[in-house]
Amino acid sequence: MATPPPLLYIETYGCQMNVNDSEVVASVMRDHGYAMCSAAESADLVLLNTCSIRDNAEQRVWGRLAELRALKRKNPRLMLGVIGCMAERLKERLLEQEQSVDVVVGPDAYRELPSLVSMAKAGQKGVNVELLREETYADIAPVRYDSNGVSAFVSIMRGCNNACSYCVVPYTRGAERSRDAQSVLREVQALVDSGYREVTLLGQNVNSYLSLAGDRSAAPCTFAQLLDKVARLSPQLRVRFSTSHPKDMGDDVLHVMAQHRNICKSIHLPAQSGSTRVLELMNRKYTRESYLERIAAIRSILPACSISTDLIAGFCTETEDDHRQTLSLMREAAYDFAFMFMYSERPGTRAARRYRDDVPEEVKARRLSEIIALQNEISLKAKLPYVGKAVEVLAEGFSKKSKEQLFGRTSQNMVVVFPCGDHRVGEYLSVTPTRCTSATLIAERE
Ligand code: 5AD
Ligand code: SF4
């Protein structure tokens with residue numbers, strides 16, 4: 001009788017890029033005989049794919065490692081690995097402080113995972129946190145092990161060349177590199193062929209994508225051109241992308257979006273702050289005015305486009321006046337949605353080296369709660385016009401609250417919950433919301 005394959009459990013923290021990286025890791029490990037499982041308790045190998053963006057992301061992982069240490073005591077043959085951004089940033093501390101960790105692997109070394117795990121099984125820690133200027137995992141077909149079969153992330157580039165002073169990503173993920181356009185198109189085509197209805201093209205700064213093509217003979221391909229090519233693969237395929245940097249978000253991308261019905265009308269354009277003075281300290285390379293000019297360009301070229309953002313409360317030296325400027329920017333931009341954070345100093349970043357983290361925690365917390373309260377108001381206002389109007393929705397799954405309801409999203413990335421009826425996941429349908437909250441459109445009848 002054949003021996004059963006060893007089982008791998010991956011737990012993913014952080015951004016969409018990490019979700020996709022876990023799928024790359026699953027692919028590498030499957031090629032080396034592993035099968036996926038859905039709980040740490042039944043696994044032979046547990047990998048935590050970690051995030052370092054804010055201190056609380058790291059704290060969660062330390063907490064989880066303590067739990068897994070206990071699990072390992074019960075099952076000494078269990079192998080435990082920390083991969084991703086925290087592995088890159090905290091290799092030494094992880095190895096010193098956590099005896100139970102067997103492998104530590106950074107974001108560019110996933111191809112080495114099988115051999116590092118074998119090494120760990122033989123009694124030596126498996127460690128590789130080298131950052132490689134060329135690695136894009138272009139030839140690895142991600143295994144979509146936790147997918148709804150409808151939407152998939154496709155990574156088009158890795159790393160980041162911006163130097164936002166608060167941000168750890170350039171240190172954990174290294175320099176920016178674009179994946180060659182042909183391999184992106186092949187991956188999306190394969191997803192279309194297996195029934196997927198939505199792809200999200202991922203990069204830290206998609207607007208600076210530039211593919212020079214594998215053999216260097218083809219013409220370079222910009223992000224606008226790639227977006228156009230992906231959108232042409234199938235009219236049934238929705239195309240999204242994230243994240244855009246305001247300094248690089250050109251009109252060329254907006255015009256391509258306008259030309260294709262299947263490119264979703266939704267742009268994530270992180271502002272971080274509404275104060276030009278703070279933006280300069282953050283090294284964002286745009287002003288409040290030039291940011292608002294980009295918002296105006298979106299509104300004029302794509303009148304029905306939703307805009308979302310990221311905001312940081314309490315960056316170094318932020319005054320009440322700077323904070324009020326963030327609130328007023330939010331009103332002017334009228335964001336549909338925002339991710340909102342308190343500033344968290346990251347060791348080694350430019351802000352940590354040059355500026356004092358001088359806004360008291362309680363002031364950061366109060367400013368953040370004002371930002372959240374205002375965004376809730378604005379989000380609600382942005383949804384009201386959709387109540388009573390038919391919207392096109394791609395059904396993505398069952399609602400968390402009830403098996404009788406499905407949820408999906410509109411092109412504008414608004415979540416809609418509606419009765420199942422005869423509808424299936426993966427179907428496009430027209431739904432008329434009857435009410436809304438600040439986060440969700442709700443259809444009570446079919
Ligand atoms: N503190 C708080 N928020 C941060 N972000 C990045 N670094 C930090 C930090 N040190 C936020 C930014 C970014 C999002 C992914 O996380 O808003 O756009
Ligand atoms: Fe993603 Fe940034 Fe967190 Fe790394 S640190 S997982 S790039 S959000």
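**Domain arrangement, cores and charged pairs in a predicted model**

The centres of domain 1 and domain 2, taken over C-alpha atoms, are separated by 27 Å. The contact between them (contact meaning heavy atoms within 4.5 Å) takes 14 residues from domain 1 and 16 residues from domain 2. The protein chain as a whole is divided into domain 1 (7-128), domain 2 (147-264), domain 3 (277-386) and domain 4 (387-442), the bounds coming from an automatic or database domain assignment. The model is predicted, and local features need pLDDT of at least 70, side-chain atom pairs count only at pLDDT 80 or more, and totals for chains, interfaces and linings use all residues. Residues are numbered from 1 along each chain as its sequence is written, chains are lettered from A and ligands numbered from 1 in the order in which they are written, and side-chain values use heavy atoms, with hydrogens and water left out.

In soluble globular proteins, nonpolar side chains tend to be buried together. A nonpolar core is here a set of buried Ala, Val, Leu, Ile, Met, Phe, Trp, Tyr and Cys residues joined through side-chain atoms within 4.5 Å; buried means under 20% relative accessible area, exposed over 50%, and partly exposed in between (1.4 Å probe, protein chains only). The largest nonpolar core has 70 residues, of which L201, L227, F241, M257 and I267 touch the most other members. Because domain 2 (147-264) and domain 3 (277-386) both give residues to this core, it lies between them. Another core, of 24 residues, lies apart from it and has A43, L65, V82 and L90 among its members. Leaving aside neighbours within four places in sequence, the contacts of L201 include V154, I156, F223, L227 and F241.

Helix α8 (residues 223-232) also contains D228 and R232; helices (H or I, at least four residues) and strands (E, at least two) are DSSP runs, numbered from the N terminus. Since 7 of its 10 residues are buried, α8 is largely enclosed by the rest of the structure. The buried residues of α8 are F223, A224, L226, L227, D228, V230 and A231. Their cover includes α7 (181-193), β10 (198-202), β12 (221-222), β13 and α9 (251-259).

Side chains of opposite charge can pair when their charged atoms come close. A search of the whole structure finds 34 salt bridges, a salt bridge being a side-chain nitrogen of Lys or Arg within 4 Å of a carboxyl oxygen of Asp or Glu. D228 is buried at 16% relative accessibility, whereas R232 is exposed at 56%. In the salt bridge between R179 and E187, the N to O distance is 2.7 Å. R179 is buried, with a relative accessible area of 4%, and E187 is buried as well, at 10%. R277 and D322 are also joined by a salt bridge, with their closest N and O atoms 2.6 Å apart. This pair links distant parts of the chain, with R277 in helix α10 (residues 276-281) and D322 in helix α12 (residues 320-333), 45 residues apart. R277 is partly exposed at 40%, while D322 is buried at 3%.

R238, found in strand β13 (residues 238-242), is buried yet has no salt bridge. The nearest side chain of opposite charge is that of E198, 4.0 Å away; Lys and Arg count as positive and Asp and Glu as negative, while His and the chain ends are not counted. The side chain of R238 instead reaches the backbone oxygen of R409 at 2.8 Å. Beyond its neighbours within four places in sequence, R238 is in contact with residues including R197, N262, E392, T410 and Y428.

Most residues other than glycine have a negative phi, and most peptide bonds are trans. The peptide bond from S242 to T243 is cis, with omega near 5°, and T243 lies in the loop between β13 and α9. Y137, not a glycine, has a positive phi of about 55°. Y137 occupies the loop between β6 (126-128) and β7 (151-155) and is buried at 3% relative accessibility. A334, also not a glycine, has a positive phi of about 50°. A334 lies in the loop between α12 and β16 (337-342) and is partly exposed, with a relative accessible area of 33%.

Definitions and conventions: A polar contact is a pair of N or O atoms within 3.5 Å; within protein, one must be able to donate a hydrogen and the other to accept it, and residues adjacent in sequence count only if both atoms are side-chain atoms.
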